[in-house]
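Work through the exercises below with the sequence and the model open. Try each task before reading its solution.

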Amino acid sequence: MEIAKSMELATLSHKQSSFAGPSHEALFLVLAYLPLFELLSMSEVCRSLRDAVEKDVLPWLNIIIERPLSLRLSDEILMKIASKANGRLRTLVLMYCAKITDDGLQRVIDQNPLISKLHIPGCTGLTPDGVIRALQKLSDFQDGLKSLWINGIANMKKEHLERLQFYLQTNQKLQQIQQKRRPLLYHNYRRLQAYRWEELGRVIDVELCPKCNEVRVVFDCPREECKRKGENSMTGCRMCMFCIPRCEECGKCVETGDLEETVCADTLCPDCWIQLPKCNFCNKPCCTQHANMQIASTGSIGWICSVCHDKSDDFE
């Protein structure tokens with residue numbers, strides 16, 4: 001496939017002769033929901049899937065580019081991929097694509113003005129003005145944008161955020177979504193999939209942090225006492241992750257004096273620290289997200305963390 005060759009993206013190499021029969025029909029149904037890496041890999045499985053990826057526009061209406069492909073993506077390659085949608089692109093998700101520039105994004109937007117989801121977190125090559133121009137173009141159409149992720153765009157200021165919110169508020173459907181706004185908890189956000197963002201009643205992922213006044217993702221707290229304080233209280237903890245640490249397991253705010261040591265160096269509240277299993281040597285837990293740091297202990301119950309394992313010559 002031309003795109004796969006130019007990007008050297010597809011790493012799976014399945015010979016067509018290894019299949020006893022034609023591809024199962026269910027495989028064709030899932031193509032439209034696959035991230036780009038998996039989509040291109042599927043095109044290498046057999047001829048029928050390759051033709052479906054190459055000739056059918058449906059798999060290209062929702063383009064999701066994540067690591068490791070995001071590290072290689074350039075403006076030219078993005079334009080080539082987006083052109084497969086024939087101007088009907090609906091979802092564009094670029095996760096930490098540092099090489100994408102304002103001009104590259106704008107060219108895709110100009111040819112695909114019906115995009116309803118634009119997620120570009122961590123795209124450090126973009127500027128606030130470039131994002132505003134893209135959103136202005138999308139807001140010219142009746143349906144407009146329904147979801148916008150921009151966390152990690154450098155130099156995003158209050159005036160930029162207000163401009164973006166102005167274009168988003170022109171869509172009455174978005175106003176209805178915002179009315180159903182639900183709390184955003186830190187531990188859920190870390191595991192949240194892009195397609196579930198609207199379930200929280202949030203159109204844009206960032207806002208002005210009440211404490212530092214920076215444009216960042218602001219988290220709510222599940223503690224009952226914090227809920228009662230309210231977000232407008234000076235004693236409340238509704239703020240960004242740079243202003244207050246939060247537990248990786250439950251999302252609660254953690255006071256500096258309550259920080260507990262962990263194998264993975266992530267933050268845990270005292271309650272979660274007690275409940276999680278500990279390393280047999282250092283007696284430190286690791287959060288669920290880093291369970292791969294647990295190594296089964298030979299000849300005993302429990303596990304040893306990778307740090308202690310590397311320090312010891314007694315374990316194989």
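**Exercise 1.** With which side chain does the side chain of aspartate 266 make a polar contact?

*Solution.* Some ground rules come first. The model is predicted, so local features need pLDDT of at least 70 and side-chain atom pairs count only at pLDDT 80 or more, while totals for chains, interfaces and linings use all residues. Residues are numbered from 1 along each chain as its sequence is written, and side-chain values use heavy atoms, with hydrogens and water left out.

Step 1. Locate aspartate 266 in the loop between strand E8 (239–240) and helix H12 (270–275). Helices (H or I, at least four residues) and strands (E, at least two) are DSSP runs, numbered from the N terminus.

Step 2. List what aspartate 266 touches, not counting residues up to four places away in sequence: Glu248, Cys287 and His290. Contact means heavy atoms within 4.5 Å.

Step 3. Look for a polar contact, which is a pair of N or O atoms within 3.5 Å; within protein, one must be able to donate a hydrogen and the other to accept it, and residues adjacent in sequence count only if both atoms are side-chain atoms. The partner is the side chain of histidine 290, at 3.0 Å.

**Exercise 2.** Decide whether lysine 278 is buried or exposed, and find which backbone oxygen its side chain reaches at 2.7 Å.

*Solution.* Step 1. Lysine 278 is in the loop between H12 and strand E9 (294–296).

Step 2. Buried means under 20% relative accessible area, exposed over 50%, partly exposed in between (1.4 Å probe, protein chains only). Lysine 278 has 18% relative accessibility, so it counts as buried.

Step 3. The side chain of lysine 278 reaches the backbone oxygen of tryptophan 273 at 2.7 Å. The backbone oxygen of leucine 276 also lies 2.7 Å from a polar atom of that side chain.

**Exercise 3.** Which residues have the most contacts inside the largest nonpolar core?

*Solution.* Step 1. A nonpolar core is a set of buried Ala, Val, Leu, Ile, Met, Phe, Trp, Tyr and Cys residues joined through side-chain atoms within 4.5 Å.

Step 2. The largest one has 61 residues, and those with the most contacts inside it are Ile65, Leu73, Leu92, Leu94, Ile120 and Ile150. Apart from it lies another core, of 18 residues, among them Cys250, Val254, Trp273 and Ile304.

Step 3. Take isoleucine 120 as a case: leaving aside neighbours within four places in sequence, its contacts are Leu94, Leu105, Leu126, Val131, Trp149, Ile150 and Ile153.

**Exercise 4.** At what angle do helix H7 and helix H8 pack?

*Solution.* Step 1. Axes are lines fitted to C-alpha atoms, for helices over the stretch in contact, and angles run from 0 to 180 degrees between N-to-C directions.

Step 2. Helix H7 (residues 128–138) and helix H8 (residues 158–169) pack at about 10°, with axes 10 Å apart. That makes H7 roughly parallel to H8, since angles under 35 degrees count as roughly parallel, over 145 as roughly antiparallel, 65 to 115 as roughly perpendicular and the rest as oblique.

Step 3. On the H7 side are Pro128, Asp129, Val131, Ile132, Leu135 and Gln136; they meet His160, Arg163, Leu164, Tyr167 and Leu168 in H8.

**Exercise 5.** Which residues of helix H6 are buried?

*Solution.* Step 1. In H6 (residues 102–111), the buried residues are Asp102, Gly104, Leu105, Gln106, Val108 and Ile109.

Step 2. Their cover includes helix H5 (75–82), strand E2 (91–94), strand E3 (117–119) and H7.
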